[in-house]
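Reader: Could you walk me through this model, one question at a time?

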Amino acid sequence: MARAIRFFEVNTGAQIPSVALGTWQAAPGVVGDAVAAAIKVGYRHIDCAQAYGNEKEIGAVLKKLFEDGIVKREDLWITSKLWCTDHAPEDVPVALDRIHWPVSMKRGSVGFKPENLIHPDIPNTWRAMETFYDSGKARAIGVSNFSTKKLGDLLEVARIPPAVNQVECHPSWQQSKLRAFCKSKGVHLSGYSPLGSPGTTSLKSEVLKNPILNMVAEKLGKSPAKVALRWGLQMGHSVLPKSTSEARINENFDVFDSSIPDDLFAKLSELEQARLVKGSPFVHETFGAYRTFEELWDGEL
Ligand SMILES: NC(=O)c1ccc[n+]([C@@H]2O[C@H](COP(=O)([O-])OP(=O)(O)OC[C@H]3O[C@@H](n4cnc5c(N)ncnc54)[C@H](OP(=O)(O)O)[C@@H]3O)[C@@H](O)[C@H]2O)c1
């Protein structure tokens, strides 16, 4: 039987399920089974993106789950993200409901060639997102990878404020400044790579091996992954762990019944901080809007 999930409320009044199944790098042929397993466990939020190249299979599996009466569409929160080539207002309605990166690329371009980078016109793209929201096709619209400054700039011009900013967030990249800003503006922070993306070899992530995290996990008799996810929930974020293993899909959902006590929670604020996902394909000394990482993240490095 599906286990109960907890929710956070976003500024449209919609309830975002606090744990989502991440699907980046979940290979076609495997992702469908992972989604079905997750829904059966009780997940009600699937984090997708056009750029992950697996939405078709996810759609087919969801359709089957609806037909078989396993879950209803209205009980699911499906996140998708507007890829960088679709920022022109006329392309937005055919695409979806969340800006993936505050970086634009030439329409129709494929891959990450620097010469495809162009200056984003975020207010213009956002107006098209608002129109999309007005059409009733999305319960909420949001952004992703927006720094405090970029989010602040958007809030200045937005008619409908973003409901969510989806950003890297885990005990080794806690986003203190952005988190405080989001809270003050009523924008929900969703934490991606909540385990530190250990499967992305190029990132050489050590998050789950961190000695403080492991000390806390040992004291609580939990895995470091569960502690990292529970940390996010107690911080007030939704968390989006990716897994294609049924055992780990189960493990990552088993985070609602016990909490990290205050003394150990405080220990987790002592972890050394480092951004893992730097957005290298979007920074170039000649092309696009951001010549340096400093500019892309407005100093939040
Ligand atoms: N908006 C953006 O720009 C953006 C960027 C990055 C990620 N995201 C979203 O956030 C999701 C999660 O981020 P992520 O995929 O980078 O990393 P993550 O969820 O932090 O880590 C996923 C990796 O951890 C492994 N894993 C899962 N559960 C585990 C557990 N309990 N113990 C040990 N290892 C475990 C997975 O392997 P197995 O599959 O073998 O279990 C996978 O290799 C993505 O899938 C995507 O949906 C969004």
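The questions and answers below go from the sheet to the pocket, the helices and a few single residues.

Reader: Happy to start with the ground rules; what kind of model is this, and how are residues numbered?

Author: This is a predicted model, in which local features need pLDDT of at least 70 and side-chain atom pairs count only at pLDDT 80 or more, while totals for chains, interfaces and linings use all residues. Side-chain values use heavy atoms, with hydrogens and water left out, and residues are numbered from 1 along each chain as its sequence is written.

Reader: Thanks! In what order do the three strands of the open sheet lie?

Author: Helices (H or I, at least four residues) and strands (E, at least two) are DSSP runs, numbered from the N terminus, and two strands pair if DSSP finds at least two bridges between them. Strand S3 (21-22) and strand S5 (77-79) each pair on one side only, as edge strands. The pairing is parallel, and the order is S3-S4-S5.

Reader: Now to the pocket; which residues that line the largest pocket are the closest to its centre?

Author: A pocket is found on a 1 Å grid over the protein atoms alone, as an open set of points where a 1.4 Å probe fits, with protein on both sides within 12 Å along at least five of seven lines; lining residues have an atom within 4 Å of a point. The largest pocket has a volume of about 1000 Å³, a volume being the space filled by probe spheres set on the points, which are joined across faces, edges and corners. Of its 45 lining residues, the closest to the centre are Trp24, Gln25, Ser193, Ser197 and Thr200.

Reader: Which helix gives the most to that lining, and how many of the lining residues are charged?

Author: Helix H9 (residues 246-253) gives the most, with three residues.

Reader: Let's turn to helix H6; within what arc do its buried residues fall?

Author: Buried means under 20% relative accessible area, exposed over 50% and partly exposed in between (1.4 Å probe, protein chains only). In H6 (residues 176-185) the buried residues are Leu178, Arg179, Phe181 and Cys182. They line one face of the helix because, seen down its axis, they fall within an arc (of the directions from the helix axis to the C-beta atoms) of 165°.

Reader: What covers that buried side, and which exposed residues are on the face turned away from it?

Author: Contact means heavy atoms within 4.5 Å. The cover over the buried residues of H6 includes helix H5 (148-157), strand S10 (164-168), strand S11 (188-192) and helix H8 (224-235). The face turned away carries the exposed residues Lys177, Lys183 and Ser184.

Reader: Where does Lys204 sit, and is it buried or exposed?

Author: Lys204 is in the loop between S11 and helix H7 (211-220). Its phi is near 50°, a positive value in a residue other than glycine. With a relative accessible area of 67%, Lys204 is exposed.

Reader: Last one: which residues does Thr85 touch, not counting those up to four places away in sequence?

Author: Thr85 is found in the loop between S5 and helix H3 (92-95). This residue is buried, with a relative accessible area of 9%. Beyond those sequence neighbours, Thr85 touches Asp91, Met105, Lys106, Arg107, Gly108 and Ser109.
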